Number of protein chains: 2
Amino acid sequence: MKAIQDYYPEEFARCFGCGRLNENGYRWRTFPTGDTTETRYTPQPYHMAIPGFVNGGLLASLVDCTATGTAAWAAYRAENREMDTSPPHRFVTASLRVDYLRPTPLGPELLVRGHVKSISGRKVIIEVTVSAGGEVTVRGEVITVEVPESMRPPSAPRPPWPGRSTTAMK
Amino acid sequence: MKAIQDYYPEEFARCFGCGRLNENGYRWRTFPTGDTTETRYTPQPYHMAIPGFVNGGLLASLVDCTATGTAAWAAYRAENREMDTSPPHRFVTASLRVDYLRPTPLGPELLVRGHVKSISGRKVIIEVTVSAGGEVTVRGEVITVEVPESMRPPSAPRPPWPGRSTTAMK
């Protein structure tokens with residue numbers, strides 16, 4: 001089964017968190033599951049904050065990559081097209097908010113769930129939860145935006161995106 | 001020169017971001033500079049979001065560890081005592097907010113600056129900026145709290161903390 005990140009163009013598939021082409025990264029993969037998405041990851045023993053509990057920065061990273069992946073998926077959905085069609089969507093984070101509701105135990109697999117809160121033009125807001133052993137320990141809200149021109153490698157696909165311009169794809 | 005994290009007790013010095021005893025971690029070090037603090041780090045080439053730009057999760061981690069370190073330093077200051085006195089302070093993050101103002105270029109050393117916004121009981125709020133090449137690219141606000149009992153290893157120092165209880169240190 002292909003993950004959302006498997007549809008990222010090569011130029012956009014090098015993210016340290018979720019880039020399938022980043023050999024030194026985590027290569028997290030996010031999957032659509034009905035109206036939400038899921039990313040699963042079991043932290044390494046050294047990914048700690050205080051012994052026994054998962055590092056908050058790692059949790060923020062998981063929230064971040066799950067959100068940008070979920071946003072891309074949501075953008076295709078909003079245009080009623082498949083993720084293997086062009087031009088591709090790729091989102092980056094404008095603002096990240098993470099609430100650590102309780103300590104996240106280090107050991108169990110984490111389930112990170114993304115939920116689309118709103119889509120408005122190039123901006124998609126995603127709500128994220130992280131659960132360990134069935135209990136939600138972290139809640140996040142992420143404002144994502146389509147990759148701005150200033151971050152696009154010369155070879156990367158460019159707007160106009162279909163459905164967001166009068167000069168939609170041919 | 002000793003960093004704030006050099007004063008963390010061993011039980012609390014294993015953080016993946018800033019623990020001096022975490023051999024697989026970043027071992028970030030935060031230094032007081034007048035009324036603020038500084039953490040400096042040059043990301044690795046693979047710490048990217050999109051090629052050429054620093055990964056947002058890594059930036060969130062830098063904000064997070066700088067904030068908890070700054071909070072510990074602020075707590076000692078509020079009690080008019082040195083960081084090598086007992087009992088030690090150690091903060092964790094309750095809520096993290098990170099605004100990515102502009103893309104952070106990958107290459108230059110990053111300067112992460114922590115500023116104490118407020119201290120109230122066990123809660124310390126820290127404002128953080130990340131700069132690259134003299135330009136602020138990220139702004140964060142972090143609500144930190146003294147390590148709760150639920151996260152304390154059995155061997156770790158415990159409250160009551162001086163100045164926060166009627167049974168202050170002798």
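Which residues does A:Val63 touch, not counting residues up to four places away in sequence? They are A:Leu96, A:Val98, A:Val112, A:Val128, A:Val130, A:Val138, A:Gly140 and A:Val142. Touching, or being in contact, means that the C-beta atoms of two residues, placed from the backbone, lie within 7 Å.

## Basis of the model

This is a predicted model: local features need pLDDT of at least 70, side-chain atom pairs count only at pLDDT 80 or more, and totals for chains, interfaces and linings use all residues. Residues are numbered from 1 along each chain as its sequence is written, while chains are lettered from A and ligands numbered from 1 in the order in which they are written.

## The shared sheet

Twelve strands form one open sheet. The order is β1(A)-β2(A)-β4(A)-β5(A)-β6(A)-β3(A)-β3(B)-β6(B)-β5(B)-β4(B)-β2(B)-β1(B), and the pairing is antiparallel. Strands (E, at least two residues) and helices (H or I, at least four) are DSSP runs, numbered from the N terminus. Two strands pair if DSSP finds at least two bridges between them. β1 (30-33) of chain A and β1 (30-33) of chain B stand at the edges. Each has a single partner strand, so one side of each is left without a neighbour in the sheet. Neighbouring strands are turned by 25° against each other on average, direction ignored. Axes here are lines fitted to C-alpha atoms, for helices over the stretch in contact; angles run from 0 to 180 degrees between N-to-C directions.

Helix α1 (residues 56-78) of chain A packs on this sheet. α1(A) touches β1, β2 (36-41), β3, β4 (110-120), β5 (123-132) and β6 of chain A, together with β3 of chain B. The direction of α1(A) makes about 130° with that of β3(A). α1(B) also packs on the sheet. It touches β3 of chain A together with β1, β2 (36-41), β3, β4 (110-120), β5 and β6 of chain B.

## Strand pairs

β3 (residues 91-100) of chain A has partners in both chains. Nine bridges join β3(A) to β6 (residues 135-146) of chain A, and the two run antiparallel. In this pair, A:Val98 stands opposite A:Gly140, and A:Val92 has A:Val145 as its bridge partner.

β5(A) and β6(A) pair over ten antiparallel bridges. A:Ser131 stands opposite A:Val136 in β6(A). The two strands form a hairpin with two residues between them. A:Gly133 in the turn has a positive phi of about 60°.

## Interface and symmetry

38 residues of chain B are in contact with 38 residues of chain A. On the chain B side, α1 (56-78) and β3 (91-100) are the elements that give two or more residues. The largest share, nine residues, comes from β3(B). This side divides into 21 nonpolar, twelve polar and five charged residues. Ala, Val, Leu, Ile, Met, Phe, Trp, Tyr, Cys and Pro count as nonpolar, Asp, Glu, Lys and Arg as charged, and the others, Gly among them, as polar.

A rotation of 180° with 0.0 Å of shift along its axis superposes chain B on chain A (RMSD 0.0 Å). That is the relation of a two-fold axis. The superposition is by least squares on the C-alpha atoms of residues with pLDDT of at least 70 in both copies. B:Arg97 comes closest to the axis of the residues of chain B, at 2.2 Å (C-alpha). 100% of the interface residues of chain B are also interface residues in chain A, so the copies meet through the same surface.

## Nonpolar core

The largest nonpolar core has 92 residues. A:Leu59, A:Leu62, A:Val63, B:Leu59, B:Leu62 and B:Val63 have the most contacts inside it. Such a core is a set of buried Ala, Val, Leu, Ile, Met, Phe, Trp, Tyr and Cys residues joined through C-beta atoms within 7 Å. A residue is buried if 20 or more other C-beta atoms, placed from the backbone, lie within 10 Å of its own, exposed if 12 or fewer, and partly exposed in between.

## Backbone details

A cis peptide bond joins A:Ser86 and A:Pro87, with omega about -5°. A:Pro87 lies in the loop between α1 and β3 of chain A. A:Ser86 is exposed, with 10 other C-beta atoms within 10 Å. The bond from B:Ser86 to B:Pro87 is cis as well, with omega near -5°.

B:Asn80 has a positive phi of about 55° although it is not a glycine. B:Asn80 is exposed, with 8 other C-beta atoms within 10 Å.
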